[in-house]
Amino acid sequence: MSSPFLASVALAALLPVAASAQEILILAEDVPSGLDYDGPSAAVPASQQGMVNTMEPLVFYPKGEVNEDGVQLPDFSTIEGRLAESWTYDEETLTWTFKLREGVVGCGGATFNADDVLYTFARAKSVSGAAPIGWFLSNVSSIAGFDASVFGDDPAAKELGDEIVKIDDYTVQIKQSEPNALFLPALTAFGLLMFDKETMEAHATDADPWTHDWANATSSASFGAYCVSEWAKNEKIVYTANEDYFLGAPAIKKVTVQRVPQSSNRAVVLMSGQAQLASGLTPREYDSMRGRAGLAVSGVTGNESTFVHMNFDVEPFDNPKLREAIAYAVPYDQIIANGYFGQAEQWNGVVPSSYPGYKDVTSFTYDPEKAKALLAEAGYPEGAGLEAFGDAFQLTYVAEKESTLGPIVNIIQTALRGVGVPVTLNPIPLSQYGDRQLVKRDLGFAINDQEKPVVVDAGYGIQLFFVSPDKGGLNNMVNYSSDIVDETWAAARVEPDMEKRDAMVAEIQEQIASDIAWLPVVEYRTQWAHSERLKGQSWYADNAPRYFDLYIE
């Protein structure tokens, strides 16, 4: 008779073994399905991990503190140069002038210069990919010309104009349409990493002039620490060090990321010593590895969270008293203890608590009697009448996350049924969940633990998730709309006085919390299990480890 343990042992025998201290094997839920951040895989965490390890930004956050787990954290209070060496800003003309770093060599042997910057922004403005992430980040940061006109019928609107110009081979100017504090933070995100123009154009075709197909299926062209040497979709990807990387040659010369879908299999193989790092394990599995000889668990409470999604366009969730009743019916402490094994904290906000501009704006507690009273105020005493809404109370979640989310949704179902809310559970495939959440926006009632703003700013999180779509919101999955939020953010995004901007951003968070646009539940730890000899663990806002930071002790 087969068993998960025996299956894991058999799997371990088939995996490659790191041959020396210069090679590591990483076990992950998946490998990149594409390396084009304007492509269909842009939202896939595994794809983002591939992008940030092979590509490079103009600017980034410097190193900050090291936490209790030995994880290196960024310093979000300032920004330093990466491919850009320095920059100046002219407030009168809203013009940024970047002095680019010289002598940077990419995987294809090309040298970085101003042409690569212009190519990257021209590609973003072409909105020729499946997901206009580069355009969105440029729009969010108020780069002139990157507005909604690119989606019209005029092809000239999709062409780069004098908003971004080359002064010389190592100087570029970028103009804004309005002052906007998100400009530099947006340049740190994966959706504005710099492309190697020379290599990208070498793989362009008449049908695909911006090389989306090649980037989605074959490789990445940039100036990062690693180069793609082998890539088998749904199986593995192998990276080799860029020995010419401008920050120095990486200590780890070869990184193999192997797809192992079952977290229990990843855990067993890691414990066998066959691999050096495993991600995406369950809270129970991480808990079981703490203190185990030869292993370590590193983590940080960064920007990952779990919230209850209640759609304003789906009855009866448009009833504010019902939303409030549900907020007081959720047993937060039980979820933290039994769902996350203590590896989470109650979330009292609507953007990550680690981000500049965050404010505590909620204080919900588990109070079933208050929940029942609010249900009665909503017009449903003891839940009477809620059965008329059919499938509205199907609590939807990602089926592939059953081992993590299963215990949590069961806790919520039991608690809500206890006050009269007729909850049933509805696990669906990730692909279907994503389509209904992001495209159709018809999910009525759901648990979500996979949304995070990758630009480190409370205002960016507000625009991404809570601003009305016709006012610049991109991922307003619950169809929330508030004139106060839209109008206050429109003023805040162009406010040059940061003290005034912070006050407006705090006001917006209070309004979102008052409306219970989301019901925040917990912020949980981003974690990795790894060999105790593998050092250099770092956390970034995209939650993707940087292989360049790692080394074998």
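The model is predicted, so to speak of local features a pLDDT of at least 70 is needed, side-chain atom pairs count only at pLDDT 80 or more, and totals for chains, interfaces and linings use all residues. Residues are numbered from 1 along each chain as its sequence is written, and side-chain values use heavy atoms, with hydrogens and water left out. Helices (H or I, at least four residues) and strands (E, at least two) are DSSP runs, numbered from the N terminus.

**The four-stranded sheet**

- Four strands form an open sheet in the order S6-S7-S9-S8, with antiparallel pairing; two strands pair if DSSP finds at least two bridges between them.
- Strand S6 (84–90) and strand S8 (164–168) are at the edges with a single partner strand each, so one side of each has no neighbour in the sheet.
- From one strand to the next, the twist averages 20°.
- S6 and strand S7 (residues 95–100) run antiparallel and are joined by six bridges, and Trp87 stands opposite Phe98 in S7.
- The hairpin of S6 and S7 has four residues between the strands, and Leu94 takes a positive phi near 55° there.
- Helix H3 (residues 114–125) lies across S7, S8 and strand S9 (171–175), running at about 175° to S8. Angles run from 0 to 180 degrees between N-to-C directions, and axes are lines fitted to C-alpha atoms, for helices over the stretch in contact.

**The seven-stranded sheet**

- Another open sheet has seven strands in the order S10-S11-S12-S1-S13-S21-S14, and its pairing is mixed.
- At the edges stand S10 and strand S14 (295–300), each with a single partner strand, so one side of each is left without a neighbour in the sheet.
- The twist here averages 20° from one strand to the next.
- S14 is joined by six bridges to strand S21 (residues 526–531), and the two run antiparallel. Leu295 stands opposite Ser531 in S21.

**The disulfide**

- A disulfide is a covalent bond between the sulfur atoms of two cysteines.
- The structure holds one disulfide, counted as a pair of cysteine sulfur atoms within 2.5 Å.
- Cys107 is joined to Cys227, with an S to S distance of 2.0 Å, and the link is left-handed, with -90° about the S-S bond.
- Distant parts of the chain are linked by this pair: Cys107 is in the loop between S7 and H3, Cys227 is in strand S10 (residues 226–232), and they are 120 residues apart.

**Helices packing on H17**

- Helix H16 (residues 483–492) packs with helix H17 (residues 498–515) at an angle of about 165°, their axes 9 Å apart.
- H16 and H17 are therefore roughly antiparallel to each other; angles under 35 degrees count as roughly parallel, over 145 as roughly antiparallel, 65 to 115 as roughly perpendicular and the rest as oblique.
- The crossing of H16 and H17 is left-handed, meaning that the near helix is turned anticlockwise from the far one by less than a right angle, while clockwise would be right-handed.
- Residues in this contact (heavy atoms within 4.5 Å) include Ile484 and Trp489 of H16 and Met504 and Ile508 of H17.
- Helix H15 (residues 458–465) packs with H17 at an angle of about 40°, with axes 10 Å apart, which makes H15 oblique to H17.
- H15 and H17 also make a left-handed crossing, where Ala458, Gly459 and Ile462 in H15 meet Arg501, Val505, Ile508, Gln509 and Ile512 in H17.
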